[in-house]
Amino acid sequence: MKGVSSIPAAAIIPSPLFLWRVKVILFLLWGLCCCKIGWDSVMRMSVDLRDLFLYEAFLYYNPLLLVALMIWLWGINLWVFAQSSVNYAKVFDLPQTHLSHREIWRCATWLTLIVPTSMTAYLYLYSHGEVSLAASQPVLLYAILLMILLSPFDMFYLSSRFFFLRTMWRIILPLQAITFPDFFMADIFTSMSKVFSDLERSGCRMVHRQVATIAWFEADSICGSHSVAIPLVLVLPYLCRFFQCLRQYKDTKEKTCLLNALKYSTAVPVIFLSALKYHVFPDVWISFYRPLWLISSVVNSLYSFYWDIKRDWDLSILTRIFMFKNPSAWSNLLYGRSWVFYWVLGSNLILRCTWTYKLSAHLRHNYLTVFAITALEMVRRFQWVFFRVENEWNKMTAKQNFEMSSDMLPSEADRLLDSNSHTV
C-alpha cells in the first residue's frame, strides 16, 4: 500500500547476543524449577527412606551427568584448538563433516536439559506414589539415548556416531594397527571407568526390574555393592589400553610400548584388592590386603604422573597451545604464563593421587565424594587433552618438515653429476 513504509527484514531479526541472553534466562528458570520440584519431592519422603532413595536416583543419573560434563569439556578443547595453530582434524584424521565445537556444545546442552528433567520427574512421581511411572523414567531415558546412538538413519550426526562406534570397536578388539584416535579415546575411557561401572549397575537393575525398589539394597543381590561385575567393568578400559600397547609393540618393536603397558597394568591390583574387602574377613582385609591396596595405589598414581610429564607431554612447549591466531583476553591470560606450568603439574599430581579413590569399590558408598572426584578426574583429563594433542601435532609437523627438507636436498649422485658438468 502506498504511504506505508516497509520495515527492513534485518530490523525484525533479533541480534545473536539478545537470543543468547534469552536462552540463558530460560536455562536458569528451568534449573530453578527442577531444583524446586526435586527438593519438594524429596522432603515429602520419610527420613528413613530418603537417603536410600537419593542414593538410588543418583546412581541412575550421575553417569549421564558426567558424560554431559565430558562433552562440554571436549567442546572447549575443540574451541581452543580452532583458535590456535593445532589442526586437530588432521591429528585425528577426521572427515570434513566432523563436528565443530558449537555442535558438540549443542549435544551437551540437550543432554544437560534432558537428564535433570528426567531425574526431576522420577523424584516427583515416586514421592507422589506413582512408583511404576517413576521407575519408567530412567528406563525410557536410557532406551532413547541408546537408540539415538545406534540409529542407522541419517540423523543426529550419523557420520560422527559411526566414527565413535567404529573407534570403540577398535578399542575393544585391537586386531589392527593402533591409530592415534584409538588410544586417545581409550585413554579418555580410563578416566570414565567409574561412569561405565555405574551404567552397568543401572542397566542391571533395569533388566532385573529393581528400579524404584529397595531390592538392590541387599549387598549380596545380583546388582548389589558386592557384585563381581563392578571390578570387572572398572578394569575393562585399562585392559583395553594394555592390549593396545602390546599391539603397538608387536608393530613397532619399541620398548616404550611395554613400559606403557606396565603403567596400565598397575591399575589392576588397585581395583581387585579393593573389591576383595567384600569377599574376605575384615581382620584379613585390614592387616594384609589394605596395605597392599595402599601401596599399589601409590605406585599407580606416581607411575601415571611420571608418564604424563615425561612421555605424553612436551614441557618445552607446554603453553604454546594457548597462542591464539587472534589474541584475546584468554590468550593473554594463559599464553606464556609460568603459573599455567605449575598449575598443570600440581593439579595433575594431586588428581592422579585422588583418582584411585574412584577405582576402589569399597569406598563407593560415599557417592557424593566419588562423584566429585570423578568430575575432577575429567577436568584433569580435559587439561591432559590440550598438551597431548599439541604434542602429537608437533610430532606430525616436525616429521613433515623433515621429509620436505629431505626431498629438497640433492642426492649424492646428483651432486656428482653436477660437479662433472663444471669446467675448471
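Predicted model: local features only at pLDDT ≥ 70, side-chain atom pairs only at ≥ 80, totals over all residues.
View 1. Residues are numbered from 1 along each chain as its sequence is written, and side-chain values use heavy atoms, leaving out hydrogens and water.

**View 2. The annotated transmembrane regions.** UniProt, in an unreviewed entry, puts the feature "transmembrane region" at residues 20–39, 59–82, 103–127 and 139–159. UniProt positions follow the numbering used here, feature names are shortened, and annotations may be inferred rather than shown by experiment. Residues 59–82 are 100% helix and 0% strand, with end C-alpha atoms 36 Å apart. Residues 103–127 are also 100% helix and 0% strand, and their end C-alpha atoms lie 37 Å apart. Helices (H or I, at least four residues) and strands (E, at least two) are DSSP runs, numbered from the N terminus.

**View 3. Helix α5 against helix α6.** The axes of α5 (residues 101–127) and α6 (residues 131–150) come within 7 Å and cross at roughly 165°. That makes α5 roughly antiparallel to α6 (angles under 35 degrees count as roughly parallel, over 145 as roughly antiparallel, 65 to 115 as roughly perpendicular and the rest as oblique). Axes are lines fitted to C-alpha atoms, for helices over the stretch in contact, and angles run from 0 to 180 degrees between N-to-C directions. Among the residues that meet are L111, I114 and V115 in α5, and L141 and L145 in α6. The contact of α5 with α6 has 14 nonpolar, 2 polar and no charged residues. Ala, Val, Leu, Ile, Met, Phe, Trp, Tyr, Cys and Pro count as nonpolar, Asp, Glu, Lys and Arg as charged, and the others, Gly among them, as polar.

**View 4. Helix α9 against helix α10.** Here the axes of α9 (residues 193–207) and α10 (residues 229–252) come within 8 Å and cross at roughly 140°. α9 and α10 are therefore oblique to each other. Including K194, E200 and R201, residues of α9 meet α10 residues such as P237 and Y238. By class, this contact of α9 with α10 has 7 nonpolar, 2 polar and 3 charged residues.

**View 5. Helix α8 against helix α10.** α8 (residues 180–191) and α10 pack at an angle of about 155°, their axes 8 Å apart. That makes α8 roughly antiparallel to α10. D182, F183, A186, D187, F189 and T190 of α8 make the contact with P237, Y238, R241, Q244 and Q248 of α10.

Technical notes. Contact = heavy atoms within 4.5 Å.
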